[in-house]
Amino acid sequence: MARKLRVALIGLGGIGHVHARQYRDQPECQLVAVADSCPAQFRDLKAILATEGEPLPPVKTYASYEEMIRKEKPDMVDICLPTDLHEKVSVYAMEAGCHVLCEKPMARTVEEADHMMAVARETGRKLMTAQCLRFDPGYQAFRKAHLSGKYGKLLRLSAVRLSGFPHRKPVNWYAEGKRSGGAILDLHLHDTDFFLSLLGRPKAVSATGILKDPLGGLQESLSQYDYGEEGPLVAAEGSWCRTGWCCWLAGVYEKATLLLQDNALSIVFPGGRKPQVKSFEGMHNGYWEEIAYLVKCILRNREPERCLPASTRDSLRIALEETRSAEHQGRKIPLK
């Protein structure tokens, strides 16, 4: 039997729970340890990792990620920490010999992202940001349909991603804009990154937003992406101010409209023709797929071409420019 990659998870908060569950049935890696500075987070670990089949090997727990890396010597670490810690912990892990999967956004600033990339080059470690939409089956089906060209020219692309405010205890780092970057970096970035991966870098961006708390970052935003006179109209809306969850992606093409919502892709044709609907229920989600993909890249010594650090660094830069635009009354920001 081929050796499974040994993975350690750092951070067992909300997204850490999501990532931990993905290791229950990974074919080429095994979760061996979890670190979190709050011991109470480990209470639900057994239930999170529970499977219907053969029990998983025991997972060790640590209060210190440094101690965990030193003692366990994992092949890869999965970092699910507050945004302002991404650079520090990624660099520590790579310098200790670990490959790194880091939750999005890649970092809090472009300069931090550049440092992470430099350390990855110096150490020869694989570094990938967990931009899960690049691996989500629904978004990838949308991408495949777009690239096929069968529906003609893309005329308009719209995305909506709305939720309530992410309350966390005992310390809610999301509420500190300097740490989280607000809703644009935490939530809306998903759509900025998908647009970049689908259409390339826009010529310019502009955004308007709501700053409910001067220290909390933008909590509601409406962004427009300039793809030139011949390009499509592209816009996205993101919010932490709503009463529930709402998310969809729509593309208006010359010959059809594509709508991705509720884990299904609908293709609607003019003239009353019956829509085509494809459901993605029962398939592995983007979180599972991104982990499996990076593990394959590590085991086969390939670069993670589907989600290279330079690309997710670009997504971060675009989202930060959207924030800057919103802070200056929607001023258009050119992207060189």
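This tour moves through a predicted model one selection at a time.

**Stop 1: helix α3**

Begin by selecting residues 65–72, which form helix α3. Colour Y65, M68, I69 and E72, the buried residues of this helix. They span an arc of only 95° around the axis, and therefore lie on the same side of α3. An α-helix has 3.6 residues a turn, so residues three or four places apart point the same way. Next, select R70 and K71: these are exposed, on the other side of α3.

What do the buried residues of α3 pack against? Display the strands β1 (5–10), β2 (29–35), β3 (60–62) and β4, together with helix α4; the buried residues of α3 pack against these elements.

**Stop 2: K73, just after the helix**

Step past the end of α3 to K73. This residue is in the loop between α3 and β4. Most residues other than glycine have a negative phi, and most peptide bonds are trans. Is K73 buried or exposed? With a relative accessible area of 59%, K73 is above the 50% cut-off and therefore counts as exposed.

**Stop 3**

Select T83, in the loop between β4 (76–79) and α4 (86–95). T83 has a relative accessibility of 3%, and because this is under 20% it counts as buried. Which residues surround it, once neighbours within four places in sequence are left aside? T83 is in contact with P105, A107, R108, W173, R179 and S180. Two of these partners, P105 and A107, are visited next.

**Stop 4**

Move to P105, found in the loop between β5 and α5. Show the backbone here: the peptide bond from K104 to P105 is cis, with omega near -10°.

In the loop between β5 (99–103) and α5 (110–123), select A107. The relative accessibility of A107 is 0%, so this residue counts as buried. Leaving aside neighbours within four places in sequence, A107 is in contact with T83, H86, E112, A113, M116 and L316. A distance can also be drawn from A107 to L85: the two are 22 residues apart in sequence, and their C-alpha atoms are 7.8 Å apart in space.

**Stop 5: helices α4 and α5**

Two packed helices are described by the angle between their axes and the distance between the axes. Display α4 and α5 together; their axes come within 10 Å and cross at roughly 5°. This angle makes α4 roughly parallel to α5. To see the contact, show H86, E87, S90, V91, M94 and E95 of α4 with E112, H115, M116, V119, A120 and T123 of α5. By class, this contact has five nonpolar, four polar and three charged residues.

**Stop 6: Q131**

Select Q131, in the loop between β6 (127–130) and α6. Its relative accessibility is 1%, so Q131 counts as buried. Beyond neighbours within four places in sequence, Q131 is in contact with K104, L189, H190, D193, E290, C307 and T312.

**Stop 7: helices α6 and α8**

Select residues 137–148 for α6 and residues 182–199 for α8. How are these helices arranged? Their axes are 11 Å apart, and the helices pack at an angle of about 30°. Because this angle is under 35 degrees, α6 and α8 are roughly parallel to each other. Their crossing is right-handed. The contact is made by Y139, Q140, F142, R143 and H146 of α6 and by D191, F194, S197, L198 and L199 of α8. These residues divide into five nonpolar, three polar and two charged.

While α6 is displayed, select K144, a residue of this helix. K144 is exposed, with a relative accessible area of 66%. The C-alpha atoms of K144 and L198 are separated by 9.7 Å, although the residues are 54 apart along the chain.

**Stop 8: Q329**

Finish in the loop between α10 (309–327) and β15 (333–334), where Q329 is found. Although Q329 is not a glycine, it has a positive phi of about 55°. Its relative accessibility is 72%, so Q329 counts as exposed.

Conventions:
Residues are numbered from 1 along each chain as its sequence is written. This is a predicted model: local features need pLDDT of at least 70, side-chain atom pairs count only at pLDDT 80 or more; totals for chains, interfaces and linings use all residues. Side-chain values use heavy atoms; hydrogens and water are left out. Helices (H or I, at least four residues) and strands (E, at least two) are DSSP runs, numbered from the N terminus. Buried means under 20% relative accessible area, exposed over 50%, partly exposed in between (1.4 Å probe, protein chains only). Contact means heavy atoms within 4.5 Å. Axes are lines fitted to C-alpha atoms, for helices over the stretch in contact, and angles run from 0 to 180 degrees between N-to-C directions. Angles under 35 degrees count as roughly parallel, over 145 as roughly antiparallel, 65 to 115 as roughly perpendicular and the rest as oblique. A crossing is left-handed if the near helix is turned anticlockwise from the far one by less than a right angle, and right-handed if clockwise. Ala, Val, Leu, Ile, Met, Phe, Trp, Tyr, Cys and Pro count as nonpolar, Asp, Glu, Lys and Arg as charged, and the others, Gly among them, as polar. The arc is that of the directions from the helix axis to the C-beta atoms.
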